[in-house]
Amino acid sequence: MSGSSSNVNSVFYAETYHPIQAGSIDGTDTLPHDNAIYRALLCSQAGLYDPFGDPKVIGDSYCTIFVGRLSHLTTEETLRKAMGKYGKVKNLRLVRHIVTGASRGYAFVEFETEREMRRAYEDAHHSLIDDSEIIVDYNRQQLMPGWIPRRLGGGLGAKKESGQIRFGGRERPFRAPLRPIPWDDLKRLGIPLPPEGRYMSRFEIPLPPQRKRSSMDREYRSLRHHKHSKQSHRRERRSVSRDALSDE
């Protein structure tokens with residue numbers, strides 16, 4: 001498939017965040033088209049946002065999901081119960097207004113394991129909590145390089161009426177470009193290039209980032225697998241021996 005394909009179901013997702021690209025429906029814009037994108041670009045270039053500078057953010061990012069579009073009536077208890085269907089909830093933070101204490105409609109939920117996090121990531125998306133259809137994503141704040149939050153003009157997704165739609169995320173992926181791709185300009189500006197010829201179907205679920213395993217981790221898992229295989233082989237031989245004795 002080429003970049004000029006007319007297949008509207010062909011999409012791709014951002015792996016790193018660039019404010020100009022996030023404002024583009026096909027990821028090929030080279031100029032900011034609104035003031036919020038320009039603000040996000042300035043923050044990015046000046047290094048004004050520190051994704052690890054929020055003391056309220058705790059826990060393992062790889063075990064944490066973002067839950068958005070929550071009802072403002074949803075409580076921590078209700079959310080914990082709903083997320084408990086996918087695994088053991090270790091930590092939960094329902095973000096509230098610093099003055100009024102009212103829910104801001106989104107939360108971060110940390111599970112005990114990555115497996116549980118991925119189950120929630122896949123199965124809880126577009127489920128209902130308190131009659132609100134929620135969205136679920138991975139913790140982009142700490143796992144997506146270059147991330148700029150919505151309050152600084154960045155973010156992803158949003159509804160049309162917000163006037164600040166951002167593309168490349170789970171809700172609004174980039175469309176496969178229908179126009180010629182300005183490769184040289186994108187490279188010059190440091191904007192990630194579209195994966196020409198490697199687009200996904202709109203109906204596929206994009207995978208969240210995986211934790212990088214060290215060589216020590218890989219060696220440990222290999223040893224465990226080898227040990228388990230030897231134990232299984234011994235059990236199988238003992239079983240065969242018992243069967244042979246019983247036949248006699």
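This briefing describes the contacts made by aromatic rings in the structure. The model is predicted. It holds 6 aromatic pairs, among them the pair of phenylalanine 12 and phenylalanine 174. A pair of aromatic rings is described by the distance of the centres and the angle of the planes.

**Phenylalanine 12 and phenylalanine 174**

- The rings of phenylalanine 12 and phenylalanine 174 are tilted, with 4.9 Å from centre to centre and 35 degrees between the planes.
- Because phenylalanine 12 belongs to strand β1 (residues 10–12) and phenylalanine 174 to strand β8 (residues 174–175), their pair ties together parts that are 162 residues apart in sequence.
- Phenylalanine 12 counts as buried, at 6% relative accessibility, and phenylalanine 174 also counts as buried, at 1%.
- Ring pairs join Phe12 and Phe174 with Tyr199 in a cluster.

**Phenylalanine 66 and tyrosine 106**

- The ring centres of phenylalanine 66 and tyrosine 106 are 5.8 Å apart and the planes stand at 35 degrees, so this pair is tilted.
- Phenylalanine 66 is located in strand β2 (residues 64–68) and tyrosine 106 in strand β4 (residues 103–111); the pair therefore ties together parts that are 40 residues apart in sequence.
- Phenylalanine 66 is partly exposed, its relative accessible area being 22%.
- Tyrosine 106 is likewise partly exposed, with a value of 26%.

**A charge over a ring**

- Tyrosine 121 has the charged end of arginine 170 over its ring, at 4.1 Å from the ring centre.

Technical notes. Residues are numbered from 1 along each chain as its sequence is written. This is a predicted model: local features need pLDDT of at least 70, side-chain atom pairs count only at pLDDT 80 or more; totals for chains, interfaces and linings use all residues. Side-chain values use heavy atoms; hydrogens and water are left out. Rings of Phe, Tyr and Trp (its six-membered ring) pair if their centres lie within 6.5 Å; planes under 30 degrees apart count as stacked, over 60 as edge-to-face and the rest as tilted. Helices (H or I, at least four residues) and strands (E, at least two) are DSSP runs, numbered from the N terminus. Buried means under 20% relative accessible area, exposed over 50%, partly exposed in between (1.4 Å probe, protein chains only). A charge sits over a ring if NZ of Lys or CZ of Arg is within 6 Å of the ring centre and within 35 degrees of the ring normal.
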